[in-house]
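Here's a quick walk through one protein model, from its overall fold down to a single side chain. Have the viewer open as you read.

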Amino acid sequence: PPGTVRAAPRCSAPPGTEPFPVQLRAGKLYAWCACGHSQRQPFCDGAHRKAAPGVSPLRFTPQEDGPALLCGCKRTRSPP
């Protein structure tokens, strides 16, 4: 529901402590890496299937085009 804060899935290998600056396109489906093993941070490349099988990416579709900062530590209380 609107206003609900979701905790990010538990990450087994945080790739960094700083957010990743990205350009997002409205209406495009993205998969935010939640396991930390992706080589395409902050987005999923499927590495979780082998490295962290219990963790799935968080899929999201932005409503607007523009820049965004996506969590790098994977411990955010407000994932995309």
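## Ground rules

Helices (H or I, at least four residues) and strands (E, at least two) are taken from DSSP runs and numbered from the N terminus. This is a predicted model, so to speak of local features we need pLDDT of at least 70, side-chain atom pairs count only at pLDDT 80 or more, and totals for chains, interfaces and linings use all residues. Numbering starts from 1 along each chain as its sequence is written, and side-chain values use heavy atoms, with hydrogens and water left out.

## The annotated stretch

## Overall layout

Of its 80 residues, 38% are buried (under 20% relative accessible area; exposed is over 50%, partly exposed in between, with a 1.4 Å probe and protein chains only).

Take contacts (heavy atoms within 4.5 Å) between residues at least 6 apart in sequence: 68% of them join residues at least 24 apart.

## The core

Which residues touch the most other members of the largest nonpolar core? They are Leu24, Trp32, Phe43, Phe60 and Leu70, out of 14 residues. Strands S1 (20-24), S2 (30-32) and S3 (58-60) each supply at least two residues of this core. A nonpolar core here is a set of buried Ala, Val, Leu, Ile, Met, Phe, Trp, Tyr and Cys residues joined through side-chain atoms within 4.5 Å.

Leaving aside residues up to four places away in sequence, Leu70 touches Pro19, Phe20, Val22, Trp32, Pro42, Phe43, Phe60 and Pro80.

Thr76 is in the segment after strand S4 (66-70) and is buried, at 17% relative accessible area. A polar atom of the Thr76 side chain lies 3.0 Å from the backbone nitrogen of Ser78.

Note on methods: Polar contact = N/O pair within 3.5 Å; in protein donor to acceptor, adjacent residues only side chain to side chain.
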